Amino acid sequence: MLLRYLTAGESHGKGLVGIIEGLPSGLEISNGYIHEQLKRRKRGYGRGNRQNIEDDGVEFISGVRHGLTLGSPITLFVPNKDWKNWDEIMQSEPYSGQVKRKLEVPRPGHADLVGGIKYRHSDMRNVLERSSARETTMRVAIASIARKFLEDCGIHVASRVIQIGAIQDDTEFDAPVSSLNETADLSRVRCLGKDAEERMVAEIDRCKKAGDTLGGVFEVFASGCPVGMGSYSQWDRRLEGDIAKQFMSLNAIKGVEIGLGFVSGRTPGSLAHDEFLPGSKVGKIRYVTNRSGGIDGGMTTGQSIVVRAAMKPLATLMQPLRSVKVSTNEPTSAHVERSDVCAVPAAAVIGESLLVLSLAEAVLDKFGGDSMSELLPRLKEWNATTSPE
C-alpha cells in the first residue's frame with residue numbers, strides 16, 4: 001500500500017488519534033484547513049447533542065513542520081471534550097467500583113451483540129465505544145490532508161444528499177464539482193432542491209417525535225481525475241474495488257454503486273454504455289455520456305467519478321426495538337444511547353473523505369514521487385496528452 005492510515009480511540013475516551021503515511025513532502029497543510037472539514041461533518045438536520053459538545057479541534061503531533069508535510073508519517077490528535085464526564089467510566093487503570101453505564105442489552109442492527117460474542121465482553125460498552133461513528137471524525141481529519149493533496153493535483157471532491165427515507169431529490173446537478181459543496185452545505189440536509197429539503201426536514205421531525213430513525217442515499221463526485229488510474233491487470237488493482245471497500249467500511253452503509261450502478265442491471269446495452277465521438281485532433285476523443293461513473297475496466301476515464309451509497313437507519317432508537325439481556329436471557333427493550341435521528345448529511349461528507357483516500361493512493365500509484373515538486377510535473381505532462389475533451 002502506498003498510502004496507509006490507522007485510527008484509534010473510543011467514542012467517550014480521551015480523544016481520537018490518526019496516522020497517515022505515504023503523502024509526499026512539500027504539501028501545504030494547516031490545522032484550519034482540516035478543522036473546516038471537521039465542522040462540515042458535524043452539520044446536518046437530525047444530528048444529536050454530541051455535535052454541540054465537541055468542537056473537534058485538531059492538533060498535529062508529527063509529520064508537519066512550518067505548514068509543510070515532511071514525507072514522514074503524519075499524526076493527528078482530536079480531543080474529546082466530553083471526556084471529563086466519562087473519565088471514571090472509561091479510565092484505563094484497574095477499577096474496583098460499580099461500573100456505570102454498563103451495556104448488557106444489545107441494539108438490533110448494531111455491533112453490540114456480535115462484537116461482545118467475538119471479543120468475550122460481558123459489558124458491550126467495550127464494543128460500542130470503538131464501533132461508534134465517532135471514529136469517522138479522525139477519518140475525515142486524515143482525509144483532509146489527502147484532500148489538499150488532490151486539490152493541488154487539480155482533483156476536486158464533493159457530495160450531495162439525494163434521498164432521506166422515501167423522499168428523493170431529483171434536482172439535476174450541472175455545476176462544476178468544485179462548487180457543489182458551496183451550494184449543498186447551505187442546505188440543512190445537504191440536498192439541492194428546496195422543496196425536497198423541506199419535505200426531508202419534516203420527515204426527520206416526524207421520526208424524531210416517533211422515536212424512530214431515518215437512512216438515505218448520497219452521491220459523491222470527483223472531477224479532474226487523470227485518465228488511467230487503477231488497472232485491469234489484476235483484481236485488486238481495479239479502482240472501483242478499492243472505492244467500494246472504503247465506502248462499505250463506513251458505519252451503516254449497506255449498498256454502494258458507481259455510475260448507473262444497479263440501474264444498469266435493467267438497462268439494455270445500447271443505453272448503458274458511453275459512446276465515443278472524435279475530438280479536435282487525433283488521439284483526442286469525446287464521451288457522449290458518463291453512465292460508467294468515470295471508471296471503465298477498473299480505470300479512470302478522465303470523466304467525473306460518481307459514487308452513490310445507501311445508508312440504513314441508525315440502530316439506536318428512542319423507542320427501542322425488542323432485545324434480550326444477555327446475562328439472564330430475559331426479553332427486554334434494547335439499550336438507548338445518545339444518538340442522531342438522521343446522519344445522512346454527515347455521511348455524505350464522510351463519503352467525500354473515503355473517495356479522497358482511494359483517489360490519493362491511485363494518484364501516488366500512477367505518478368509516484370517523494371515530493372510534490374517531483375510528482376506534479378509528471379501529472380501535468382500526462383494530463384496534457386491524455387485528457388478527454
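Contact here means heavy atoms within 4.5 Å. The model is predicted, so local features need pLDDT of at least 70 and side-chain atom pairs count only at pLDDT 80 or more, while totals for chains, interfaces and linings use all residues. Residues are numbered from 1 along each chain as its sequence is written, and side-chain values use heavy atoms, with hydrogens and water left out.

**View 1. Phe-218 and its contacts.** Leaving aside neighbours within four places in sequence, Phe-218 is in contact with residues including Arg-160, Phe-247, Ile-253, Val-307 and Gly-351.

**View 2. The largest nonpolar core.** A nonpolar core is a set of buried Ala, Val, Leu, Ile, Met, Phe, Trp, Tyr and Cys residues joined through side-chain atoms within 4.5 Å; buried means under 20% relative accessible area with a 1.4 Å probe, protein chains only. Among the members of this 76-residue core that touch the most others are Phe-218, Phe-247 and Leu-355. Helix 9 (residues 344-367) gives the most to this core, with 14 residues. Helices are DSSP runs of H or I with at least four residues, strands are runs of E with at least two, and both are numbered from the N terminus.

**View 3. Leu-128 in helix 4.** Look for Leu-128 within residues 125-131, which form helix 4. Leu-128 counts as buried because its relative accessibility is 4%. Beyond neighbours within four places in sequence, its contacts include Leu-103, Asp-112 and His-335.

Conventions
Buried means under 20% relative accessible area, exposed over 50%, partly exposed in between (1.4 Å probe, protein chains only).
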